[in-house]
Amino acid sequence: MRERLCFDNDGALRYLSDPSNPVVSRLMEVMSSYGTPEEINEKAKEAGKLESLMKRLEEEGSPYLKDVRWLEERRNAGDFVSVREYRKSILENKDASVDSSRAVTLEISALQFFPWLIAEAERAISRKELMPGRFIRVRNMAEQVEDDGDLLAVAASMKIMGASLVESLDTRGTDGSNVHLGGPDTITGYFGGIGQPNDHCYRWVDEFLHYYTEYGVKQVLNVNPGTVLLGCLLHRLGVDVEFKISVFMGNDNPASVLWTLMMAKLLSREDGSTPLVGLNLSNSCDVETVRAVAEIRKALGLEKAVRIEHHITEPWRHIVRQPYCRRDDLLELAESIPNISAKHEGGDPEVEGNLSDPSSITDYFISKAEILEKGLMDKLERDYLSKHDAVNHTARALTERGLAFVAAPLLHD
């Protein structure tokens, strides 16, 4: 029976490289207005330099510039606790050395507004806590640009901290393009995924190339099989795009993950590199599924390239059944699986469950104008700092178990 699993892919690969292929030809058409892959990458490299970002903040007269400089000064002064000091404070006189080959990346979502990052940094300094090594944003991109340089300030801060950053482009189906997505009256539409119908997958590429070349935004969220394919093709053509696959893609079993990783492997460059750097599994995945996913990833030679990202906490309302906390699962998995991250998208359940106004996943889609009009900014910042607390609870649990973590490297190492 196994011989039936031996495939001849020459036909499919020939079609993929055929200029008449409508998928690839449309992709090339979008790319052409930005230049060659080499020109695109050079523009992005220049735009993403710390000095370039700081200069633009200054030219725009951004009120956030002083806070970015403050963060850099605090880093240079050594005000953030070092990983070694952090471990010693928890383990006391015990051996504080750990095996860093399976270090868990501390991840937080979603950093919607730049001032929240400064509030988080102030808390980390005063309490000798850790800043995450990975940040996710879900805020409207156009709004970020218009908000006194918010996008620039966050990008510059990531350079200062040495942390990785993922932005969520606006062409992700929730922009009105998908007729299935509305309110409760169209709820069944959500069962088919967020969706990026018709030409929107190419608009996603266009939007990425804009923010890549203008702001150096290199890593973005990916929610649709079409844009996953286009992201892989874009990388294969020479553009240094990176993306992580969202939990909303629904990779919730080993077969779905094999399908996703096969595409990344098939379309990798000749040097074996792939744009897929993070795979966010469904919240339903259990320990055995994550282990199976790790085996698939290893078998395809993607263990170092693709990080397995799993939610430890989630907003209290409108996304999962509560109480939801996968910290114990993480501790079990981290003992044997490398290159995983612990994503914190809500406070710990015992905290959020006692609030009269706990967090909701729908908070991500409220405009800043509406937030200010309704007086919600302090409440939403509180929710974000609850996620920061959850990140540090995970770091403590890992440390007590003798396991390593990745916090913002330039602040804590």
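## Note on the predicted model: side-chain pairs, cysteines and backbone

1. Start with Asp-199. At 27% relative accessibility, Asp-199 counts as partly exposed. Areas come from the Shrake-Rupley method with a 1.4 Å probe, and for residues only the protein chains shown count as cover. Asp-199 has a salt-bridge partner, Arg-203, at 3.8 Å from N to O. Arg-203 is partly exposed too, with a relative accessible area of 44%.

2. Ground rules. This is a predicted model, in which local features need pLDDT of at least 70 and side-chain atom pairs count only at pLDDT 80 or more, while totals for chains, interfaces and linings use all residues. Residues are numbered from 1 along each chain as its sequence is written, and side-chain values use heavy atoms, with hydrogens and water left out.

3. Overall build. The protein chain has 18 helices and nine strands. Both are DSSP runs numbered from the N terminus: helices are H or I with at least four residues, strands are E with at least two. Along the principal axes, the C-alpha atoms fill a box of roughly 60 × 55 × 45 Å.

4. Packing and surface. Of the 413 residues in the protein chain, 53% are buried. Take the contacts with a separation of 6 or more: residues 24 or more positions apart account for 77% of them. Contact here means heavy atoms within 4.5 Å. The chain exposes about 19,000 Å², and carbon and sulfur atoms supply 51% of that area.

5. Salt bridges, the count. How many salt bridges does a search of the whole structure find? The total is 35. The test is a side-chain nitrogen of Lys or Arg within 4 Å of a carboxyl oxygen of Asp or Glu.

6. A buried pair. Glu-107 and Arg-134 form a salt bridge at 3.6 Å, N to O. Glu-107 lies in strand β1 (residues 99-109) and Arg-134 in strand β2 (residues 134-136), so the pair ties together parts that are 27 residues apart in sequence. Both Glu-107 and Arg-134 are buried.

7. Asp-383 and Arg-382 meet in a salt bridge at 2.8 Å, N to O. Asp-383 is buried, at 4% relative accessibility. Arg-382, at 28%, is partly exposed.

8. A network. Salt bridges also link a group of residues: Arg-137, Arg-139, Glu-143, Asp-147, Asp-150, Glu-167 and Lys-368.

9. Cysteines. A disulfide is a covalent bond between the sulfur atoms of two cysteines. The cut-off used is a pair of cysteine sulfur atoms within 2.5 Å. The structure holds zero disulfides. Cys-232 is buried, with a relative accessible area of 1%. For Cys-325, the closest cysteine sulfur is in Cys-285, at 16 Å, again too far for a bond. Cys-325 is partly exposed, at 34%.

10. Cis peptides. The bond from Ser-109 to Ala-110 is cis, with omega near 0°. Ala-110 sits in the loop between β1 and α7 (114-127). The bond from Gln-322 to Pro-323 is also cis, with omega near 5°. Pro-323 sits in the loop between β7 (307-313) and α14 (327-334).

11. Positive phi. Asp-148 is not a glycine, yet its phi is positive, about 55°. Asp-148 belongs to the loop between α8 (141-146) and α9 (150-161). At 42% relative accessibility, Asp-148 is partly exposed. Asn-339, not a glycine either, has a positive phi of about 55°. The loop holding Asn-339 runs between α14 and β8 (340-344). Asn-339 counts as partly exposed at 21%.

Definitions and conventions. Buried < 20%, exposed > 50% of the residue type's maximum accessible area, 1.4 Å probe, protein only.
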